[in-house]
Amino acid sequence: MTILLAIFLVFSSICPLAAWAASPPAPLVLPESAQTVSASGHMLMLRDPGGVLGPGSVLTAPGWRVLPGAVSAGYTDDAVWLRLDVARAAHAPDEWVLRFSNAVLDDVRLYRQDLAGHWTLQAAGADVARGAWPVDARQVVFPFRLQDDATERWLVRLHSKKAMSTELTMWPRARFDESSRREYLYYGLQFGSYLLLILFHVFFWRMTREVHSGWYLLYVLTNATTEALTIAIPQQIFSMPNWLSDPMLGVSMAMSIAIGARFSTLQLELPTLFPRFSRGVVGVTVAAALAGAVLVLLGDYAAGVLVVQGAALPLIAVFVTLATWLALRGHRPARAFLLIFGIFYAGVLVSFLRNMAVLPPNFWTNHAASLGAFVHMMLMSLRLNRRYAELRRAKDWAQAEAVRAVRALNERLEGLVALRTDALQQEIGRRTVLEADLRGALAVETRTREEQQDFVAMVSHEFHTPLAIINTTAQQIARNPDAAWDKTLQRCQNLREASGRMTALVDEYLSADRMETSAATFRAQSCDPRLLLEAVLAEWPEGRVAATLSDLPERLQCDPGLLRVALRNLLSNADRHAPQVLAIRVHAALHGDGGLQITVSNPGDPLPADEIPRLFQKYFRGRIAQHKPGAGLGLYLVQRIVSLHGGKVTLDSAGLDGVISFSLHIPA
C-alpha cells in the first residue's frame with residue numbers, strides 16, 4: 001500500500017488534478033521550432049446532454065468552462081464539446097496533424113471555421129469505418145493546414161461509451177510520421193516479446209503440465225489481448241468494426257480479472273493456506289466478471305466495464321493486504337507477490353483513476369497499465385521459471401533424502417537380521433547370487449541359442465547356392481569328360497567362382513568372430529591411404545567402380561588389414577544392390593580434421609524407413625537383400641572396424657533420390 005500511495009503521489013505531482021480555471025485560455029500558436037504542442041490549457045469545454053447541439057448553436061450555448069488540462073470526463077453519455085483557437089507562427093511547418101491519445105473513442109468530429117464563417121468537418125472514431133478516416137492510424141488523427149496570418153476557431157465534439165479521457169496534441173506531419181514508425185516498432189517489440197513469452201510457456205506447460213504455468217499462459221493471453229484491443233492495434237490492422245471490438249475488449253477485460261484472481265491465489269499459495277477463502281475470492285470475482293461480460297454483450301459497455309473495474313480494485317486491496325500480512329510472517333511467495341504484482345496493480349490503479357477523471361490523461365497515465373503489465377509479465381515469467389527450478393531441486397532433494405532414509409533403515413534392519421539369523425541370511429545371499437547367476441546364464445544361453453539358430457540358418461542358405469553350383473558342375477564334367485575345351489573351361493570357371501564365394505563367406509564369418517572375441521584386433525601403423533585404396537579398387541572389374549581420389553592425407557595411422565576388410569565390405573554391399581550396367585562411385589578426400597573421408601554411392605531402390613536404424617546390426621538383412629547373396633555381416637564389420645579406428649560410418653542418402661550413399665571417416 002505504501003508503494004501504491006507513493007506512485008499515486010508522484011503521478012499527482014506530475015499531473016495535477018483537473019480544476020476549473022478562471023481566466024480564458026490563450027490561442028494555441030503552432031511554433032516555428034516544429035515541436036509537438038499540447039492543447040491542454042488552451043481549451044474550453046461544454047457538456048452536451050443527449051448530444052443535440054450542432055457547431056453553430058454550441059457556440060452560443062451557456063456552460064462553457066475553461067479546461068486547464070486534458071479531457072478527463074470519465075464514463076458519460078454526454079457529448080463533450082471543446083473549443084480552441086489555433087494560430088500558426090510565420091515560419092512554422094505547413095502540414096500538421098491533431099492527434100487524440102485515447103485510441104478507442106467512438107465518435108470524434110473536428111469542425112473548423114474559416115474566415116467566411118463556414119464550418120468544415122472531419123470525422124473519425126470507432127463508429128466510423130476505417131476507410132473513411134482522414135489518416136490511417138491507430139488513434140484518431142486529423143491533418144490540417146493553417147495560413148500564416150490567420151487564427152482559426154475549432155470545435156471538437158467527442159462522444160464515447162468508453163472512458164472519456166484523452167489528450168489533444170498538435171504534431172508537425174513529418175514528426176508525426178517519424179513518431180508513428182517508432183511507436184509501431186515499440187509495439188512490435190512489445191507484442192513480439194509477448195508472443196515469445198506465450199510460445200515459451202506453451203512448450204513449457206506441454207512438457208511439465210505444471211498448474212502455475214498453465215494458468216500463467218491463460219493470464220498472459222488475456223492480458224495481451226486486452227492491451228492490444230485497448231491500444232486499437234487489431235482494430236486498425238483488421239479494420240475491425242466497433243460492434244465487434246467493443247464486446248471483445250469488454251469480455252477480454254472480464255476474463256482477465258477472473259483468470260488473474262485464480263492466478264494470484266496460486267502465487268500466494270492460498271488454496272493450500274486458506275482453501276475456503278481462496279475459493280470464495282475466486283468465485284466472487286468470476287461472478288463479477290460474468291456479470292460485466294453479460295452487460296457488455298447486451299450493449300451496456302460502460303456499466304459492464306465499471307462492474308469489472310469495480311471488482312478489480314477491492315480485489316487488489318484484498319490481495320495486497322493479505323500479501324503484506326503473510327510477508328510479515330515470513331511467507332516467501334508473498335514477498336515476491338508484493339514486488340511483481342505491486343507494479344501491475346499500480347499501473348491498473350493509475351489507469352482506473354484516469355478513466356474516472358481523477359487523473360488527467362498524458363503519456364504516463366495513458367501507458368501506466370501497459371508498462372506495468374509488461375514489466376509484470378517479464379518478472380512473473382522469471383519467477384515461474386525460478387519456482388519450477390526450485391521445485392525440481394526440492395523434488396530431487398526429497399528423492400535423495402528418501403533414498404538415504406530407506407538405505408539407512410535397510411541397513412539397520414539388515415544389521416538386526418544379521419545378528420539374529422546370520423546363517424539364514426548367508427544362505428539367502430548365496431541363493432540370491434546363484435539365482436542371479438543362473439538368470440544371467442540362462443539369458444546368455446537363450447541369446448546365444450537364438451544367434452546360433454539364425455547363424456546356422458543363414459550359413460545353410462548362403463552356402464547352399466555355391467555348393468549346388470559345385471555339385472552340378474562336377475557332375476557335368478564327370479558325365480562329359482570329352483566335352484569341348486571351352487565348355488570345360490567355363491565349368492572350371494564356375495567352380496572357381498563358387499569356391500571363391502564360399503571362401504569370402506568363411507572370411508566374413510571369421511572376421512565377425514574376430515571382431516567379437518579378440519581384444520588385440522587393432523594393430524595401428526602408418527600407411528599410405530592412396531596405395532591402400534588403389535589396391536582395394538584394383539580387385540574390382542574395370543568399369544564397375546568409378547573412383548575419385550583427391551587431396552588425400554600423405555600418411556594415416558590405421559590397421560591396413562582391417563581397413564581393407566571394411567572397404568571391401570562397403571564396396572561389396574554397393575555391388576550387390578547396384579545394377580550391373582551402372583558404376584559404383586567412390587570419392588576419397590582429406591577430412592577437415594586431417595583424417596580420411598570416403599564416400600561410397602550406388603544407384604538403387606530406396607531403403608525402407610523402418611529398416612534404416614538396423615542397417616549396422618549383426619546378421620540383419622533387409623527386405624531388398626532377401627534374394628541376394630550376403631550374410632548380414634558386411635555393414636556390421638564396417639562399423640566395428642571404423643569404431644576401432646575412432647571413426648564413424650553414416651548413411652548419407654537412403655535412396656529417396658535414387659542414390660544410396662555411405663560415408664566412412666577415419667580421423668587423423
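Helices are taken as DSSP runs of H or I of at least four residues, and are numbered from the N terminus. The model is predicted, so that local features need pLDDT of at least 70 and side-chain atom pairs count only at pLDDT 80 or more, whereas totals for chains, interfaces and linings use all residues. Residues are numbered from 1 along each chain as its sequence is written, and side-chain values use heavy atoms, with hydrogens and water left out.

Asp246 lies in helix H6, which spans residues 242-267. The 26 residues of H6 reach 36 Å from the first C-alpha to the last, close to the 38 Å expected at 1.5 Å a residue; the expected span is 1.5 Å times one less than the number of residues. Of these 26 residues, 19 are buried, so H6 is largely enclosed by the rest of the structure. Buried denotes under 20% relative accessible area (1.4 Å probe, protein chains only). Asp246 is itself buried, at 5%. Leaving aside residues up to four places away in sequence, Asp246 touches Asp106, Lys161, Lys162, Val296 and Tyr301, contact meaning heavy atoms within 4.5 Å. Glu269, which follows H6, has a positive phi near 60°.

The axes of H14 (residues 529-537) and H15 (residues 560-577) come within 10 Å and cross at roughly 45°. Axes are lines fitted to C-alpha atoms over the stretch in contact, with angles from 0 to 180 degrees between N-to-C directions. Leu532, Leu533, Val536 and Leu537 of H14 meet Pro560, Leu563, Arg564, Leu567, Arg568 and Leu571 of H15.

Terms used:
Helices (H or I, at least four residues) and strands (E, at least two) are DSSP runs, numbered from the N terminus. Buried means under 20% relative accessible area, exposed over 50%, partly exposed in between (1.4 Å probe, protein chains only).
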